[in-house]
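Me: I'd like to learn how to read a protein model feature by feature. Could you walk me through one?

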Amino acid sequence: SRWPSNLTLLVVNRLALQIFSTTYLTNLAYMCWKNGWGLLNHFQVSPWLSLVLSFILLDLAAFLQHRAFHRFPYLWRIHRLHHDDPVVDVTTSARFHPFEILINTGFGIVVIYLIGPSFVVVFLVDAIGFLYSLFIHGNLYLPPRFDRVIRLVVTTPAMHHIHHSRHIDETESNYTNILTCWDRLGGTYKEKTQLPYESMELGLEEFDSPADLQLPRMLLIPFLKARP
């Protein structure tokens with residue numbers, strides 16, 4: 001019952017808005033490189049170092065942007081569509097309001113002007129970020145020992161699913177997109193959930209009716225007050 005609405009958002013967001021956004025931001029990064037705009041271009045960082053720093057800084061920017069969507073009420077009203085999914089699977093990675101894609105694009109413009117990342121990395125981060133989002137939202141099981149090793153560097157499904165818990169102290173954790181160092185440095189890393197992982201409660205309590213899974217109501221979520 002969830003998939004038709006989630007996959008419709010995938011078509012709208014990914015195949016329409018995100019393609020436009022990625023094309024625009026990649027061309028903007030190229031223009032910044034040609035004109036020497038942004039920190040990395042201003043200091044004429046070597047190409048290989050620029051590739052590495054661009055990836056790190058763009059991932060940091062994604063972490064800060066994600067925190068902003070949770071921190072500021074009007075941004076949260078938009079972002080809560082992603083969190084009101086009562087089950088987390090691959091399709092949840094597409095469950096974003098179109099407004100959020102547009103805001104992300106505006107944020108990306110500011111970031112590119114400031115840091116001047118490699119235009120190659122801007123394109124790759126979008127592609128890799130999309131594929132990695134499928135992975136961390138996937139209803140996948142990794143052996144605990146293997147999971148603990150991986151999350152020393154990058155996010156795992158078990159780690160990100162904690163972020164989708166309906167318990168507020170768990171929702172406000174594990175924001176990182178790819179590199180887990182940002183949550184560790186920011187004090188928002190959470191290792192385990194209150195409940196056993198298999199019985200963890202997902203979604204948002206205030207949007208818990210079957211109607212909330214239908215696309216028309218999903219698109220109205222930014223304008224709806226949360227039910228008590």
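This is a predicted model: local features need pLDDT of at least 70, side-chain atom pairs count only at pLDDT 80 or more; totals for chains, interfaces and linings use all residues.

Me: Let's start with pockets. How much space lies in the largest pocket?

Reply: The general idea first: rolling a probe the size of a water molecule over the atoms shows where empty space is left. In this model, the largest pocket holds about 400 Å³ of space. It is lined by 16 residues, and those closest to its centre are Pro 144, Asp 147, Arg 151, Ala 158 and Tyr 197.

Me: Which helix gives the most to the lining of the largest pocket?

Reply: That is α8, with four residues. Both α7 (144–150) and α8 (157–163) supply at least two residues each. Sorted by class, the lining has nine nonpolar, six charged and one polar residue.

Me: And what is the volume of the second largest pocket?

Reply: About 230 Å³. Its lining includes Trp 33, Leu 40, Gln 44, Pro 47 and Phe 119. Helices α2, α3 and α6 (119–137) each bring at least two residues to this lining, and α3 has the largest share, with three. By class, the count here is eight nonpolar, four polar and no charged residues.

Me: Gln 44 is in that lining. What is there to read in its backbone, where phi is concerned?

Reply: Gln 44 has a positive phi of about 50°, although it is not a glycine. Its place is the loop between α2 (39–42) and α3 (47–71). Asn 174 also has a positive phi, about 55°, and is not a glycine either. Asn 174 sits in the loop between α9 (168–171) and α10 (181–186).

Me: Is Gln 44 buried or exposed, and is Asn 174 buried or exposed?

Reply: Here you compare each relative accessibility with the cut-offs: under 20% is buried and over 50% is exposed. Gln 44 is at 70%, so it counts as exposed. Asn 174 is at 1%, so it counts as buried.

Me: Last one: which side chains make polar contacts with the side chain of Asp 85?

Reply: Begin with its location. Asp 85 lies in the loop between α4 (73–83) and α5 (98–115), and it counts as buried because its relative accessibility is 0%. Its side chain makes a polar contact with the side chain of Arg 2 at 2.6 Å and another with the side chain of Asn 6 at 3.1 Å. Setting aside neighbours within four places in sequence, Asp 85 is in contact with Arg 2, Asn 6, Thr 92, Arg 95, Leu 202 and Gly 203.

Technical notes:
Residues are numbered from 1 along each chain as its sequence is written. Side-chain values use heavy atoms; hydrogens and water are left out. Buried means under 20% relative accessible area, exposed over 50%, partly exposed in between (1.4 Å probe, protein chains only). On a 1 Å grid over the protein atoms alone, a cavity is a set of points where a 1.4 Å probe fits but cannot get out, and a pocket is an open set with protein on both sides within 12 Å along at least five of seven lines; lining residues have an atom within 4 Å of a point. Grid points are joined across faces, edges and corners, and a volume is the space filled by probe spheres set on the points. Ala, Val, Leu, Ile, Met, Phe, Trp, Tyr, Cys and Pro count as nonpolar, Asp, Glu, Lys and Arg as charged, and the others, Gly among them, as polar. A polar contact is a pair of N or O atoms within 3.5 Å; within protein, one must be able to donate a hydrogen and the other to accept it, and residues adjacent in sequence count only if both atoms are side-chain atoms. Contact means heavy atoms within 4.5 Å.
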